[in-house]
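User: I am new to this structure and would be grateful for a close look at one part of it. Please begin with the residue I ask about and then set it in its surroundings.

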Amino acid sequence: MIFVVNSNYFKHSSSIVSEKASIGDGSKIWHFSHIREGAKIGKNVTIGQNVYIDKDVVVGDNCKIQNNVSIYKGVALGQNVFVGPGVTFTNDLYPEVDNWNEKKIIPTFVKDSVSIGANSTIICGITLNENCLIGAGSVVTKDIKSNMIALGNPAVEIKKNKS
């Protein structure tokens with residue numbers, strides 16, 4: 001295993017981290033990940049294999065982002081957020097190949113202590129509020145209240161989260 005020590009974080013040699021990104025102390029970036037310019041990664045964050053973090057994305061302290069996750073510009077993660085493998089965040093409600101510009105980006109907010117299950121899709125323009133849990137394979141199209149479990153396509157709140 002090859003690690004490159006940059007400041008006070010570790011990254012695998014196969015990963016690309018822009019010099020214009022900010023990476024917090026104690027963070028780890030695994031194989032084949034790409035972190036773009038302007039991204040702000042907090043302290044003690046683990047970024048799994050093949051993760052894409054777009055320009056200006058914010059990731060709070062103590063987050064764990066599993067393998068094969070895509071987080072696009074306009075997304076902000078709070079602290080202590082778990083993002084399961086294969087999760088995708090969108091940033092444009094009506095994408096077009098010939099008519100795209102950054103004015104179409106719609107922000108998405110993931111508050112503290114949220115857990116997002118594997119292979120979920122988070123549609124832009126929503127807020128996942130504190131301590132909610134998103135079931136694996138869900139498509140989240142609207143805000144989820146604090147302390148709720150939501151799942152399905154489209155995701156619906158089913159009960160209080162006990163944690």
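Does Glu37 count as buried, partly exposed or exposed, and what is its relative accessibility?

Analyst: Glu37 counts as partly exposed, because its relative accessibility is 28%; buried means under 20% relative accessible area, exposed over 50%, and partly exposed in between, with a 1.4 Å probe and protein chains only. The model is predicted: local features need pLDDT of at least 70, side-chain atom pairs count only at pLDDT 80 or more, and totals for chains, interfaces and linings use all residues. Residues are numbered from 1 along each chain as its sequence is written, and side-chain values use heavy atoms, with hydrogens and water left out.

Glu37 is placed in the loop between β6 (34–35) and β7 (40–41). Strands (E, at least two residues) and helices (H or I, at least four) are DSSP runs, numbered from the N terminus. Beyond its neighbours within four places in sequence, Glu37 is in contact with Ser18, Lys20, Ala21, Lys55 and Asp56, where contact means heavy atoms within 4.5 Å. The C-alpha atom of Glu37 is separated by 8.4 Å from that of Ser22, and these two residues are 15 apart along the chain. The side chain of Glu37 also makes a polar contact, at 3.0 Å, with the side chain of Arg36. A polar contact is a pair of N or O atoms within 3.5 Å; within protein, one must be able to donate a hydrogen and the other to accept it, and residues adjacent in sequence count only if both atoms are side-chain atoms.

Ser18, one of the residues in contact with Glu37, lies in the loop between β3 (16–17) and β4 (22–23). Ser18 is buried, since its relative accessible area is 18%. Not counting residues up to four places away in sequence, Ser18 touches Ile35, Arg36 and Glu37. A polar atom of the Ser18 side chain lies 2.9 Å from the backbone nitrogen of Lys20, and Lys20 is in turn among the residues that Glu37 contacts.

Phe32 has a positive phi of about 60° although it is not a glycine. With a relative accessibility of 54%, Phe32 counts as exposed. Asn131 also has a positive phi, near 60°, in a residue other than glycine. Asn131 is found in the loop between β19 (127–128) and β20 (133–134) and is buried, with a relative accessible area of 15%.

Two further sites may be noted. His12 lies in strand β2 (residues 9–12) and counts as buried at 9% relative accessibility; its side chain makes a polar contact of 2.8 Å with the side chain of Ser14. Asn153 and Pro154 are joined by a cis peptide bond, with omega about 0°, and Pro154 is found in the loop between β22 (148–152) and β23 (155–160).

As for the setting of these parts, the chain has 23 strands and 0 helices. Its radius of gyration is 15 Å, close to the 15 Å that the globule rule gives for 163 residues, so the chain is as compact as a globular protein of that length; the radius is taken over C-alpha atoms, and the rule is 2.2 Å times the number of residues to the power 0.38. The C-alpha trace spans about 45 × 45 × 20 Å along its principal axes. Of the 163 residues, 42% count as buried.
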